[in-house]
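Subject: Structure for your records

Hello,

Here is the structure I said I would pass on.

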Amino acid sequence: MSSIQHYAAPRSLDEATELLRGGNVTILAGGTDLMPQAKSGKLAFKPTLMNIRRIGELRGIDHGGGVFRVGALTTISEMRNHPEIKAKLGVLWQACDHFASDQIRNAGTLGGNICNASPAGDTHVPLLVLDARVVLASKPNGAVTTRTMPLAEFLLGPGKTRREPSELLVAVEIAAPPKDFVGAFFKFGTRPALDISTISIGIGGVLKGKALHGARVAFGAVAPTAIRSPGAEAALEGKPLDNHVIALAAAAAERDIHPISDVRASEWYRRELVRNMLERMLGDVGHG
Ligand SMILES: Cc1cc2nc3c(=O)[nH]c(=O)nc-3n(C[C@H](O)[C@H](O)[C@H](O)COP(=O)(O)OP(=O)(O)OC[C@H]3O[C@@H](n4cnc5c(N)ncnc54)[C@H](O)[C@@H]3O)c2cc1C
């Protein structure tokens with residue numbers, strides 16, 4: 001049930017963080033998670049509904065100095081249409097390409113996808129592969145201050161993050177990966193389009209010969225948050241991607257994940273998907 005007493009549409013970060021100081025604010029970006037959750041009764045609005053869509057400082061994709069800074073209001077479509085994201089952050093681009101429909105991609109934002117903190121959020125897996133950091137702003141003592149932290153620390157569980165009620169997610173920072181970095185994203189849903197991930201997989205690393213260095217493996221929808229798989233990464237690190245190494249990595253990944261059975265799939269099926277699809281993805285990199 002809605003209990004909105006005040007609607008605000010600030011035009012600057014300064015104004016928005018001022019409003020957030022009092023707490024009791026629901027933040028609205030694209031509304032593609034928020035509105036269905038409110039309608040279904042899963043979410044109750046706080047007294048102030050703050051629409052952040054007019055805040056220019058939350059928009060845009062910059063990539064100077066070897067770091068991509070993607071504003072929280074950047075839509076999935078804007079990332080998908082960005083040539084540098086496609087060229088340099090291919091694993092993130094693939095996730096945007098597999099994300100919902102045009103309508104949802106045009107409205108849904110990166111900040112909303114992260115702060116909604118669904119274990120199946122499709123940007124989380126590539127952002128974990130890319131060691132992304134989130135930038136949070138607040139105004140504790142009359143001036144806007146920011147703090148950053150790795151996305152891996154920010155996500156705590158379904159719908160739960162380390163964001164304080166007084167904070168706004170302003171951007172995501174991603175160091176541009178080194179030359180020869182390869183990345184791939186895979187998502188399985190029960191329908192070919194418009195579906196939330198049953199599982200998702202992201203892999204990355206610098207390919208030297210047939211071996212991945214700085215190997216990264218991440219999964220979505222197999223634990224309370226998207227997770228990296230330290231076991232799979234250790235099994236892969238610097239080793240030629242042959243069948244034996246790939247099987248060891250897949251077995252290690254199975255030990256790192258904690259899938260549940262729900263309406264989308266059973267635990268057993270999720271484990272089968274993770275093993276089989278990770279083996280296929282690594283095989284493709286090894287033979288590529
Ligand atoms: C039909 C349909 C299909 C979908 N398919 C997919 C899919 O394939 N993959 C996927 O991952 N998701 C999917 N979603 C979920 C949703 O579209 C995404 O999570 C989207 O990125 C949310 O962004 P938004 O801007 O709409 O967020 P909103 O709904 O506006 O907000 C989501 C949450 O984040 C908070 N929030 C938003 N921005 C900020 C900010 N800057 N700082 C702090 N808090 C903030 C809000 O208060 C709210 O709690 C789908 C949704 C629908 C309805």
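Val-25 has a relative accessibility of 8% and therefore counts as buried (buried is under 20% relative accessible area, exposed over 50%, partly exposed in between, with a 1.4 Å probe and protein chains only). This residue is found in strand β2; helices (H or I, at least four residues) and strands (E, at least two) are DSSP runs, numbered from the N terminus. Leaving aside residues up to four places away in sequence, Val-25 touches Leu-19, Leu-20, Lys-46, Thr-48 and Met-50, where contact means heavy atoms within 4.5 Å. Arg-255 is 230 residues from Val-25 in sequence, and the two are 40 Å apart in space, C-alpha to C-alpha.

Two remarks on how to read all this. The model is predicted, so local features need pLDDT of at least 70 and side-chain atom pairs count only at pLDDT 80 or more, while totals for chains, interfaces and linings use all residues. Residues are numbered from 1 along each chain as its sequence is written, and side-chain values use heavy atoms, with hydrogens and water left out.

Helix α1 covers residues 13-21, and Leu-13, Ala-16, Thr-17 and Leu-20 are buried in it. They lie on the same side of α1, because they cover an arc of only 95 degrees around the axis (the arc is that of the directions from the helix axis to the C-beta atoms). An α-helix has 3.6 residues a turn, so residues three or four places apart point the same way. The buried residues of α1 pack against β2 (25-28), β3 (48-51), β6 (133-138) and β10 (168-175). The helix lies across β6 and β10, and runs at about 125 degrees to β10; axes are lines fitted to C-alpha atoms, for helices over the stretch in contact, and angles run from 0 to 180 degrees between N-to-C directions. After α1 comes Gly-23, with a positive phi near 70 degrees.

β6 and β10 belong to an open sheet of five strands, in the order β4-β5-β10-β6-β7, with antiparallel pairing (two strands pair if DSSP finds at least two bridges between them). Its edge strands, β4 (61-62) and β7 (145-150), each pair on one side only. β4 is joined to β5 (residues 67-71) by two bridges, and Ile-61 has Val-70 as its bridge partner in β5. These two strands form a hairpin with four residues between them, and Gly-65 in the turn has a positive phi of about 60 degrees. β5 also pairs with β10, antiparallel and over five bridges; there Val-67 stands opposite Ala-175.

Eight bridges join β11 and β12, and Gly-183 has Gly-204 in β12 as its bridge partner.

α12 consists of 21 residues (267-287) and reaches 30 Å from its first C-alpha to its last, close to the expected 30 Å (the expected span is 1.5 Å times one less than the number of residues). Its buried residues include Arg-270, Leu-273, Met-277 and Gly-286. Besides strands, the buried residues of α12 pack against α10 (230-236) and α11 (243-256).

Aromatic residues

The structure holds two aromatic pairs; rings of Phe, Tyr and Trp (its six-membered ring) pair if their centres lie within 6.5 Å, and planes under 30 degrees apart count as stacked, over 60 as edge-to-face and the rest as tilted. Phe-188 and Tyr-269 make an edge-to-face pair, at 6.0 Å centre to centre and 75 degrees between the planes. Phe-188 lies in β11 and Tyr-269 in α12, so the pair ties together parts that are 81 residues apart in sequence. Both are partly exposed, Phe-188 at 23% relative accessibility and Tyr-269 at 34%. Together with Trp-268 they form one aromatic cluster.

Regards
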